Amino acid sequence: MFSVADHAHMARALRLAERGLCTTTPNPRVGCVIVRGDEVVGEGWHERAGEAHAEVHALRQAGARARGATVYVSLEPCSHHGRTPPCAHALIDAGVARVVAATTDPNPQVSGQGMQLLALAGIRAEAGLMEYDARELNIGFFSRMIRGRPWLRLKTAASLDGQTALENGASQWITGPAARQDVQHWRARACAILTGVGTVLIDDPRLNVRLPEARRQPLRVVLDSALRTPPGARILQDGECILVCQDADTAATRLKPLLDAGATVLELPGPDGRPDLALLLEELARRGVNELHVEAGATVNGALLEAGLVDEWLAYVAPVALGRQGRGLFDLPALAQLDQAHRFTLHDARVVGEDLRLTLRPRKTH
């Protein structure tokens, strides 16, 4: 049974973990608090891959006071040698008395082994405190480890009557500056951003993170069956960009200029003349992508929804009406009856400036 103090210290560990929200990829976001008696003697969080883990930072701050202390960590301490030594061994060597983890690590290289090592060393090891919050914080990491694909978050911005642009294509700006700034934070936490070639040709977006505090740029991915992306497209600047095509040989004359422009070209032929979306997500997972943020048009949005690959929908809704001649959100086949509709549950709703942001997740059918 966990105490009120246990909950308070774990909540602090989770807040520390959030400081690595935009920087730890492909690693999980982890925070750690070390308490001796009623005194917090050490704190830390994982900042970026290849650098010290949260427990190591906290142990360094605690020093000799870690002996006999209780450690609160938002994810099970690692038990394997990666780019850094195992945190479980560091905790054992420091002589801590108790370790409370919010959740076990879904990584098969750990998955309970860290807690087992601690227990074998005579340390009281417990897991499951504020587990839901910990998993939500690392929802993409859990997705990649358990399902072998990233957590796919689809962002749309539309009028109150569901239109993303006027009939002539004008769309800047439906939502207000606060909503657009909010999107920057979602981009920043993502490992990669996905769009379609249609969006590239019409809007020539950078799809980068434009925040003063941004310390990295996500990978950009363009679904481009016939390699129509112009070599001078802005999306090919500011970091790595992958163009996903059906068959590079059929677009050989366009291939070299794109490679010279710095693009990576990936062939993932699908059965419908378009790149295989499920295979793409598996490939991105192999490249360490935890969270995939999508900003695309109705064709890509519809294809992802039809394939059952949308895990979360960020729907920004502006209090304006554009009329039925506008452009819609999803290009989907006509439905014969309502029980064929794609249904979502409301996970969160909040006002952002003058607009509304809905966070929706697919309704479970069982």
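Q: A charge sits over a ring if NZ of Lys or CZ of Arg is within 6 Å of the ring centre and within 35 degrees of the ring normal; over which ring does the charged end of Arg-19 sit?
A: We're looking at a predicted model, where local features need pLDDT of at least 70, side-chain atom pairs count only at pLDDT 80 or more, and totals for chains, interfaces and linings use all residues. Residues are numbered from 1 along each chain as its sequence is written, and side-chain values use heavy atoms, with hydrogens and water left out. At 4.6 Å from the ring's centre, the charged end of Arg-19 sits over Trp-45.

Q: Where is His-9, and is His-9 buried or exposed?
A: Find helix H1, residues 4–17, and you've found the place of His-9 (helices, H or I of at least four residues, and strands, E of at least two, are DSSP runs numbered from the N terminus). The relative accessible area of His-9 is 17%.

Q: Leaving aside neighbours within four places in sequence, which residues is His-9 in contact with?
A: Contact here means heavy atoms within 4.5 Å. With its neighbours within four places left out, His-9 is in contact with Val-33, Val-35, Val-40 and Tyr-72.

Q: What angle lies between the planes of Trp-313 and Phe-330?
A: Trp-313 lies in strand S12 (residues 312–318) and Phe-330 in the loop between S12 and S13, so their pair ties together parts 17 residues apart in sequence. Trp-313 is buried at 14% relative accessible area, while Phe-330, at 22%, is partly exposed. The pair is edge-to-face, with the centres 5.1 Å apart and the planes at 90°.

Q: How far apart are the centres of Trp-313 and Phe-344?
A: This pair is edge-to-face as well, with 65° between the planes. Trp-313 in S12 and Phe-344 in strand S13 are 31 residues apart, so the pair links distant parts of the chain. Phe-344 counts as buried, at 15% relative accessibility. Centre to centre, Trp-313 and Phe-344 are separated by 5.2 Å.

Q: Which residues form one aromatic cluster?
A: Trp-313 pairs with Phe-330, and Trp-313 also pairs with Phe-344. Together, the residues of this one aromatic cluster are Trp-313, Phe-330 and Phe-344.

Note on methods:
Buried means under 20% relative accessible area, exposed over 50%, partly exposed in between (1.4 Å probe, protein chains only). Rings of Phe, Tyr and Trp (its six-membered ring) pair if their centres lie within 6.5 Å; planes under 30 degrees apart count as stacked, over 60 as edge-to-face and the rest as tilted.
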